[in-house]
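Reader: Please take one part of this model and walk me through it closely. I would like to know what it pairs with, and how the whole chain looks around it.

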Amino acid sequence: MRGLDADIAVVGAGIAGASAALGLARAGWRVALVDAREPEPWSPRQAPDLRVYALAQASAELFTQLGVWPELLRRGLHPYRRMRVWDAAGGGELGFDAADIARPELGWIAPQAPVQDALWEALAREPRVQRHCPERIEELESGADEVRLELGSGRRLRVRLLVAADGALSPTRERLGIASATHDYGQRAVVAYVGHAEAHADTCWQRFLPGGPLAFLPCADGRSSIVWTLPQAEAERVQALDDEAFLRDLERAFDVRLGALTSVSPRASFPLVRRIAERFVQGRIALLGDAARNVHPLAGQGLNLGLADVRVLLDALGEAMPARDPGAPAPLARYARSRRSDSSIAALAFEQINRLFSNDHPLPLLLRGPALGLVDRLVPLRRFFAAHAAGWR
Ligand SMILES: Cc1cc2nc3c(=O)[nH]c(=O)nc-3n(C[C@H](O)[C@H](O)[C@H](O)COP(=O)(O)OP(=O)(O)OC[C@H]3O[C@@H](n4cnc5c(N)ncnc54)[C@H](O)[C@@H]3O)c2cc1C
């Protein structure tokens, strides 16, 4: 079509949106990337970002395809080679090793800021990407053949597809009137870095407690990043503790698995809500990343699901390249079908696990220990779960 400003606009340049913009540009599409924030420069000397992700193998494969993986490794991603999961009340322990998926590592621990920075750098070198940051969409009109946008500066854009990757509270999703099935867990996730007397041994640890799971993720500097899920009131209580009292509470909650806890960074906490958008595609607009769904962090899969969206979208739009119409209905329908069903299954599975383990009712208690022990002893079942954690299924 004549007079288009770009083939695709991506709104939201978080890790999911930035990866989508990069992948789409590398596939030959002209991309306009819009974000409300300006890119923040990152330096290895700055205080580590409290937002830390466990990246699955499938996500690492996407970053390799996008050409940013060597940069990410240089920026201090740390491999994890083992996972240990155990239950405070029901007993039973489950372990996965990299050997279960025949790889040297199960995945990588990555703080948000260096990953975001590497993507921004790659985008700045990409001639097919025009960046509009900081900018917001003020007007949006979706027609049969194109999407028309007006940005805060008054700049107008005409594109054939809009990808909305503007986060959990997605203003674009709201503007389109796409409802989400929502469930408030009544929990908050408290995050921080902690030092410990014993080495983390490149292991992700997760203990299920009646109030919610507690995870320790191994970092490059020898500390662990914690995600401590607690009922709202309990989260507020531990957030108000001084560092010493916080560490002693955390040590007990973690069953002193890594010896005495020796230090804690500043802490932050996030409310936990499950949301799944009723539709992932509406006309020429596709939702991606947290704009499409939010899941419980207990399996560390939220961003991995967003990056799976990117992989499936790139694949689906490959079909649309000959006709140069990325907003054509058939590939978008394929994307929506595949990603909505995968997201619903994942979100509900994490919710059931949270419900089963985050309580001390006698019946679930009787099931939990034997269930974990059984999975641990049955090698094919363990491999099945390990492959899921790697994002390959
Ligand atoms: C405690 C906790 C632990 C987690 N741990 C893990 C983990 O181990 N592994 C994992 O895979 N996931 C994890 N997650 C999930 C993960 O944080 C999210 O899935 C991921 O950050 C979502 O990325 P995104 O790019 O979709 O959205 P965001 O990172 O929210 O990015 C949205 C972007 O949109 C922009 N934006 C917003 N509004 C506008 C607007 N009006 N106009 C223009 N731009 C706009 C924002 O500036 C931002 O850049 C965790 C989440 C929590 C809460």
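Author: Charge comes out with 48 positive and 47 negative side chains. The centres of those two sets lie 4 Å apart. Bear in mind that this is a predicted model.

Now the part itself: strand 13, residues 180-196. Its partners include strand 18, which covers residues 268-277. The two run antiparallel and share nine bridges. Within that pairing, Val-191 sits opposite Ala-268 of strand 18.

Strand 16 spans residues 224-231 and also pairs with strand 13. Eight bridges hold this pairing, again in the antiparallel sense. Here Arg-188 has Leu-230 of strand 16 as its bridge partner.

Then comes strand 17, residues 261-264. Strand 13 is joined to strand 17 by three bridges, and the sense is antiparallel. His-196 faces Leu-261 of strand 17.

The chain holds eleven helices and 21 strands. Its radius of gyration is 21 Å, close to the 21 Å given by the globule rule for 393 residues, so the chain is as compact as a globular protein of that length. The C-alpha trace spans about 65 × 45 × 40 Å along its principal axes.

Of the 393 residues, 54% are buried. The accessible surface is about 16,500 Å², and carbon and sulfur atoms account for 55% of it. Take the contacts between residues at least 6 apart in sequence: 73% of them join residues at least 24 apart.

Note on methods:
Residues are numbered from 1 along each chain as its sequence is written. This is a predicted model: local features need pLDDT of at least 70, side-chain atom pairs count only at pLDDT 80 or more; totals for chains, interfaces and linings use all residues. Side-chain values use heavy atoms; hydrogens and water are left out. Helices (H or I, at least four residues) and strands (E, at least two) are DSSP runs, numbered from the N terminus. The radius of gyration is taken over C-alpha atoms; the globule rule is 2.2 Å times the number of residues to the power 0.38. Buried means under 20% relative accessible area, exposed over 50%, partly exposed in between (1.4 Å probe, protein chains only). Contact means heavy atoms within 4.5 Å. Accessible areas come from the Shrake-Rupley method with a 1.4 Å probe; for residues, only the protein chains shown count as cover. Lys and Arg count as positive and Asp and Glu as negative; His and the chain ends are not counted. The place of a charge is taken as NZ of Lys, CZ of Arg, CG of Asp or CD of Glu. Two strands pair if DSSP finds at least two bridges between them.
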